Amino acid sequence: MPKKFYITTAIDYVNGPPHIGHAFEKVQADVLARYHRALGDDVFFLAGTDEHGVKNARAAAVAGIEVSDFVAKNTARFQELIKAFNISNDYFIRTTDKKVHWPGVFAMWKALEKSGDIYRKKYKGLYCVGHEAFITKKDLKDGKCELHKKEPEVIEEENYFFRLSKYTKVIQGKIESGEVRVVGEAAQNEILHLLREGLDDISFSRPSKDLKWGIPVPDDPSQTVYVWCDALVNYISAIGYGSSDVLKFKKYWPADIQVIGKDILRFHAAIWPAMLLSAELPLPKILFVHGFINIGGEKMSKSIGNVIDPFSLIEKYGCDAVRYYLLREIPPTNDGDFTEEKFEERYRADLARGVGNFTARVVNLGARHIENEFFSYESAETKKAIGRAEKDYHQAMENFRFNEALEAIWRLISYGDKFVDSSKLWELPEKDPEKFKSHIAELCAVLANIALLLEPFLPETSAEVARQLGVSVEDKNSWRFRLERGKSLFPMI
RNA sequence: GCCGGCGUAGCUCAGUGGUAGAGCAAGGCUUUCAUAAGGCCGUGGUCAGAGGUUCGAGUCCUCUCGUCGGCACCA
């Protein structure tokens, strides 16, 4: 029976259009999902959107449309993003889905209550009249709301709290022991530091008059479930937690990997595990924490006007080229940088002159002289080169070093290019046709292995290489090639 | 303020106490199968700075500087 593998991405907040950072997270998770499918695992890969909250309600009001229409429209953009980047998610969860998501939230809330971890408490907050909402100390400048230049009122209201403080030590221990692994050194340090200091109990609901656009607290419609117990629950509601059919939940939970950004670490490495502990559910095994993408060394921001639109990038260069840049140039768990110059440099050097050109020279030369089907062949030396690439590749993947896995593949491409040159392959059809055929068979084996390893990263390219070779990559050990010239994989720009 | 990451070739980075590395870019030579593509070979370094530990420090310790970030119930 295949091993189950459950991987999630953070659900995106839909108050604005998707940018390149959203795409980055999906692409990283997609590589892991595809990699584990290739290993033969039974993969379930989740993506989705977080659609409740005051910000959405306000943005919809500004736009002058119904909030449900507003979030539906924006969610569609995120679904287009997933399609454009060829993301292989098995399901897309929406927190506004009353059939799938809400029952999970209700079940979670009741589980927390049952453990005695939900209690009523007065919440004291800074209320800004201009915002019509609570603000934080961060929003203040000289004691006044930075935006509205007014002193906030201190308002007290009663709502439900969750006993987060009760679980911080236990979670700290589990992260220290590696039972819950936080991938990304900076992220691990940060969360351990936070946990060592201990965390306070946290507000888990808001009065419905302040927060209407959300899920009502079970048996108390005067309160709306606050973001934690709404958004975070998506990871289990999506697979049936709280529904009448919990088979999928039993099978896939706990998540093997949860992919998140460094900005939401605290919620996933503290609040979420605490909720799971309280509900007596197992904790996710790995939190993979990625960094942010800067643009030319600067933070991406609307006010600077440097936000990169992932759709126009794909339209210009193609899905796989953008995936390649994100996975090769951005360090997996650190901040990275994007510029169009760097992008084109990578494109030309690695894609056009690398995998594209190598594929073209092998397939064209082979197809010109060999029409029939022929078997794959590997000399001892080639076998060794492929074996080394595989070993480096898998080792890199186990450590989530996507960039290094790609380097390993590119060393194999380089091996193939050298092979063509050193054997003067283009002279052989005249000089030694038998040797030519065996060399082509050998180079096709190299190419097919490249396509196989490349599939999680550049699925379209992998499929096109396989098509030109006339094989399916997954049929390794029984490859019989029949070459067919095709279009350039990555035309020179 | 408290805490953390980072600082190594023009750029992106690897480097586990033992002769400073890779890829890209730039330069020279070379090939013509291939997308003006490929291959080969140099060049390129005060490892941010200072001090310390050590037979020996890019690596460990202390301090300084630069830079990015986290925390003070925003998500």
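I count two strands as paired if DSSP finds at least two bridges between them. The model I am reading is predicted.

**Entry 1: strand β15**

I started with strand β1, residues 4–9, and looked for its link to β15. Three bridges join the two, and the strands run parallel. I picked out one position: Thr 8 stands opposite Gln 258 of β15.

Next I turned to strand β16, residues 286–290. I found five bridges between β15 and β16, again in the parallel sense. Val 259 has Phe 288 in β16 as its bridge partner.

Is β15 buried or exposed? I checked residues 257–261: four of the five are buried, so the strand is largely enclosed by the rest of the structure.

**Entry 2: helix α15**

I moved on to helix α15, residues 402–422. Its 21 residues should span 30 Å at 1.5 Å a residue, and I read 31 Å between its end C-alpha atoms, which agrees.

I listed its buried residues, among them Phe 402, Leu 406, Ile 409, Ile 413 and Phe 419. I noted the general rule: an α-helix has 3.6 residues a turn, so residues three or four places apart point the same way.

What do the buried residues pack against? I found α1, α12, α13, α14 and α17. On the other side of α15, I found Lys 418, Asp 421 and Ser 422 exposed.

Last, I looked past the helix. Lys 424 follows α15 and has a positive phi, near 45 degrees.

Key: Residues are numbered from 1 along each chain as its sequence is written. Chains are lettered from A and ligands numbered from 1 in the order in which they are written. This is a predicted model: local features need pLDDT of at least 70, side-chain atom pairs count only at pLDDT 80 or more; totals for chains, interfaces and linings use all residues. A residue is buried if 20 or more other C-beta atoms lie within 10 Å of its own, exposed if 12 or fewer, and partly exposed in between; C-beta atoms are placed from the backbone. The expected span of a helix is 1.5 Å times one less than its number of residues. Two residues are in contact if their C-beta atoms, placed from the backbone, lie within 7 Å.
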